[in-house]
Amino acid sequence: MTPLHLGFMVLINLIWGFALIMAKLSLDHFPPLLFAALRFTLIVFVLFPFLKIHRGRMKEVIIIALCAGPVGFGFFFLGLSLSNASVVAVTSQLGVPFATIMSVVFLKEEVHWRRWLGISLSFFGVMIISFDPVVFTYIDGLLFVVASALVGSVGTIYQRQIRNVGVFELQAWVAVAAAPLMLGASLVFEGNLVGTMMTATLLQWSGVFYVAFASSLVGHAGIYYLLQRYEVTQTAPLTLLAPVFTVFFAVTLLGELLTTRMIVGALVALTGVLVVSIRQKRIVDTGF
């Protein structure tokens, strides 16, 4: 990888790592379903021209859109609103081993002992984190993030099989599926949407815009650009910089507490994800 592209990869991870911090700040004011609805609505306005009917593949496109949009991110933002950003950053990486397990079950892919070791380490690391007394105070949020990773991995399996559908086309369908569903769910369960939006500060709104544009569009487009030029084994391990950046920002900017158990669990889990990633034929996009 050239120094320029390596620097671009670090920038993408920096964008993704900071996205959780911005989202966490916004979620202090916006309820999670409304936050998700606003994020996807902004993406719809930008990517609507990419919306395209793919005959014979719309079933897969819709499944991917539901998993990556209202269901997956619905769980994710619920979890983030209830949890520590550092823990969320690490736990969300379970999408990689989840997708590998599903590829064995549904795609009959062959997995050797090294990847099974990586999968075991990933789950063991999250278990170490989960049994920390501090994490017990928001274990429900952690479970929402695990559910998000599981649902997202279902979408990943379908993405591995679909052909000739561009990254922006898929993102457009994700946004179109998510925006109205999340808005409807927010109206039913959260209420007073107008009042919430009217009283939001510039900083809280900036989190919505950052996650919608910098994280989703720049980050995803950037990783797609690099995957067209480099092997997965070169790019996938580098995406683990994102949770490292998140932990750094969470501690320095949000003042989050990291216990020894949480640090050890994170190192074990990320080591497992690294082992799985460098053995993968295709990347599992762990970007936010």
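The model is predicted, so local features are taken only at pLDDT of at least 70 and side-chain atom pairs only at pLDDT 80 or more, while totals for chains, interfaces and linings use all residues. Residues are numbered from 1 along each chain as its sequence is written, and side-chain values use heavy atoms, with hydrogens and water left out. Helices here are DSSP runs of H or I with at least four residues, numbered from the N terminus.

Two packed helices are described by the angle between their axes and the distance between the axes. The axes are lines fitted to C-alpha atoms over the stretch in contact, and the angles run from 0 to 180 degrees between N-to-C directions. Angles under 35 degrees count as roughly parallel, over 145 as roughly antiparallel, 65 to 115 as roughly perpendicular and the rest as oblique.

Start with helix 3 (residues 58-82). Helix 3 packs against helix 8 at about 165 degrees, with the axes 8 Å apart. That makes the pair roughly antiparallel. The crossing of helix 3 and helix 8 is left-handed, a label used when the near helix is turned anticlockwise from the far one by less than a right angle, right-handed being the clockwise case. On the helix 3 side the contact (heavy atoms within 4.5 Å) includes Ile63, Ile64, Cys67, Val71, Phe75 and Phe76, and these meet a set in helix 8 that includes Phe144, Val145, Ser148, Val151, Gly155 and Tyr158. By class, the contact of helix 3 with helix 8 has 15 nonpolar, six polar and two charged residues. For that tally, Ala, Val, Leu, Ile, Met, Phe, Trp, Tyr, Cys and Pro are nonpolar, Asp, Glu, Lys and Arg are charged, and the others, Gly among them, are polar.

Helix 3 also packs with helix 2 (residues 32-47), at an angle of about 135 degrees and with the axes 9 Å apart. Helix 2 and helix 3 are therefore oblique to each other, and their crossing is right-handed. Pro32, Phe35, Ala36, Arg39 and Phe40 come from helix 2, while helix 3 supplies Ala68, Gly69, Phe73, Phe77, Leu78 and Ser81. The contact of helix 2 with helix 3 has eight nonpolar, two polar and one charged residues.

Helix 8 (residues 139-161) has 23 residues and reaches 34 Å from its first C-alpha to its last, close to the expected 33 Å; the expected span is 1.5 Å times one less than the number of residues. Its buried residues (under 20% relative accessible area, against over 50% for exposed and in between for partly exposed, with a 1.4 Å probe and protein chains only) include Leu142, Val145, Ala149, Val151, Ile157 and Arg160. Their cover includes helix 3, helix 4 (85-91), helix 5 (95-106), helix 6 (113-130) and helix 7 (133-136). Glycine 155 sits in helix 8 and counts as buried at 3% relative accessibility. Leaving aside residues up to four places away in sequence, glycine 155 touches Ile64 and Cys67. The C-alpha atom of glycine 155 is 7.7 Å from that of alanine 65, which lies 90 residues away along the chain.

Next come helix 5 and helix 6, whose axes come within 10 Å and cross at roughly 135 degrees. That makes helix 5 oblique to helix 6, and the crossing is left-handed. Pro97, Phe98, Thr100, Ile101 and Val104 in helix 5 meet Arg115, Trp116, Ile119, Ser122 and Phe123 in helix 6. This contact divides into seven nonpolar, two polar and one charged residues. The buried residues of helix 5 pack against helix 6, helix 8 and helix 14, and those of helix 6 against helix 4, helix 5, helix 7, helix 8 and helix 14 (260-278). Among the buried residues of helix 6 are Arg115, Ile119 and Ser122.

As for phi, most residues other than glycine have a negative value. Asparagine 192 lies in the loop between helix 9 (167-189) and helix 10 (193-198), and counts as exposed at 60% relative accessibility.

Lastly, serine 206 belongs to helix 11 (residues 202-227) and is partly exposed, with a relative accessible area of 26%. Serine 206 and methionine 22 are 184 residues apart in sequence and 7.6 Å apart in space, C-alpha to C-alpha.

How values were computed. Helices (H or I, at least four residues) and strands (E, at least two) are DSSP runs, numbered from the N terminus.
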